[in-house]
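Open the model in your viewer and keep the selection panel at hand. The tour moves from the whole chain to single residues.

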Amino acid sequence: MNIFGNVERRAQHAFQQLCKQFGCEPSDETMFQASDCQQGVEKHLNYYVRRQFFSHIYKLDMRYEMVGSDAPEGRADWTSARCWKSDQLGLSIWLNQRERLAEQLRKLDTEQISLNSQQGRLSLHVRMLPGCFVWTLLPPMHYFVRLKEAEVSLISGLPELLRSPVTTHFS
């Protein structure tokens, strides 16, 4: 008997709502996963699940993967100071030139953002706070933190901000 079956069903329902917002179908084979590919950008949604006896927390993970990037190789993390940090100077410079990307990231409520660039392939991972589903035994409650349409739009626009060329402003 699965005593947490009801919790899983409610989390599945919440995940299905997220999939609808992002315009993709949940996987039939794997619970809490969805993906699609449009205009050369692979989009993956899944719930990162943290289970403890008295609580289950399902956090929304978004991953975008793109081929043909001119980004220098390396890894960068979006810090609590709301800026990019990387051990690879070239990647830091490349990301910091994308001011519009940083501006949009500052508007999102996130737990973690990271970017990997290898062999012309760029992978952006965003773990959101909105979109999560939380269940607790004591006190007994569950809730789904809905994503606003403006947040969906911001997140969906991130790949284009990464792929767009940097424009130089002259005064």
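Start with the surface. The accessible surface of the chain is about 10100 Å², and carbon and sulfur atoms hold 51% of that area. Keep in mind that this is a predicted model.

**Whole chain**

Show the C-alpha trace. Along its principal axes the trace spans about 65 × 30 × 30 Å. Colour by burial next: 44% of the 171 residues count as buried.

Switch to cartoon. The chain has five helices and nine strands. Read from the N terminus, the elements run α-β-β-β-β-β-α-α-β-β-β-β-α-α.

Now turn on contacts. Take those with a separation of 6 or more: 55% of them join residues 24 or more positions apart.

Colour by charge. There are 20 positive and 19 negative side chains. The centres of the two sets lie 6 Å apart.

**Stop 1: helix H1**

Select residues 5–22, which form helix H1. Pick glutamate 8 in this helix. Is glutamate 8 buried or exposed? Glutamate 8 is buried, with a relative accessible area of 12%. Show what surrounds this side chain. Beyond its neighbours within four places in sequence, glutamate 8 contacts Met31, Phe32, Arg51, His56 and Tyr58.

Stay on H1 and select leucine 18, also part of that helix. Its relative accessible area is 0%, so leucine 18 counts as buried. Which residues does leucine 18 contact, leaving aside its neighbours within four places in sequence? Display Leu45, Tyr47, Leu60, Gly131, Phe144 and Leu147.

Then draw a distance from leucine 18 to glutamate 65. These two are 47 residues apart along the chain. Their C-alpha atoms are separated by 19 Å.

**Stop 2: the cysteines**

How many disulfides does a search of the whole structure find? The search finds zero. Cysteine 19 is in no disulfide, and the nearest cysteine sulfur, in cysteine 24, is 4.5 Å away.

Check the burial of each. Cysteine 19 is buried, at a relative accessible area of 1%. Cysteine 24 also counts as buried, at 7% relative accessibility.

**Stop 3**

Select residues 74–78, strand S4. Gly74, Ala76 and Trp78 make up the covered face. Arg75 and Asp77 make up the uncovered one.

Find arginine 75 and look across to S6: asparagine 116 stands opposite.

Which residue of S5 is the bridge partner of alanine 76? Select serine 86.

Now follow the hairpin of S4 and S5. Five residues lie between the strands.

**Stop 4: backbone exceptions**

A reminder before you check torsions: most residues other than glycine have a negative phi, and most peptide bonds are trans.

Select arginine 82 in the loop between S4 and S5. Its phi is near 65°, a positive value in a residue other than glycine. At 27% relative accessibility, arginine 82 counts as partly exposed.

Move to glutamine 119. This residue lies in the loop between S6 and strand S7, residues 121–128. Glutamine 119 is not a glycine, yet its phi is positive, about 50°. Is glutamine 119 buried or exposed? At 74% relative accessibility, glutamine 119 counts as exposed.

Finish at proline 139. Find the loop between strand S8 (133–136) and strand S9 (141–144); proline 139 is there. Display the peptide bond that joins leucine 138 to proline 139. This bond is cis, with omega about -10°.

How values were computed:
Residues numbered from 1 in each chain as written. Predicted model: local features only at pLDDT ≥ 70, side-chain atom pairs only at ≥ 80, totals over all residues. Heavy atoms only, no water. Buried < 20%, exposed > 50% of the residue type's maximum accessible area, 1.4 Å probe, protein only. Helix = DSSP H or I, 4+ residues; strand = E, 2+ residues; numbered from the N terminus. Pairing = 2+ DSSP bridges. Contact = heavy atoms within 4.5 Å. Areas by Shrake-Rupley, 256 points an atom, 1.4 Å probe, with all protein chains shown as cover. Lys, Arg positive; Asp, Glu negative; His and termini not counted. Charge placed at Lys NZ, Arg CZ, Asp CG, Glu CD. Disulfide = S-S within 2.5 Å.
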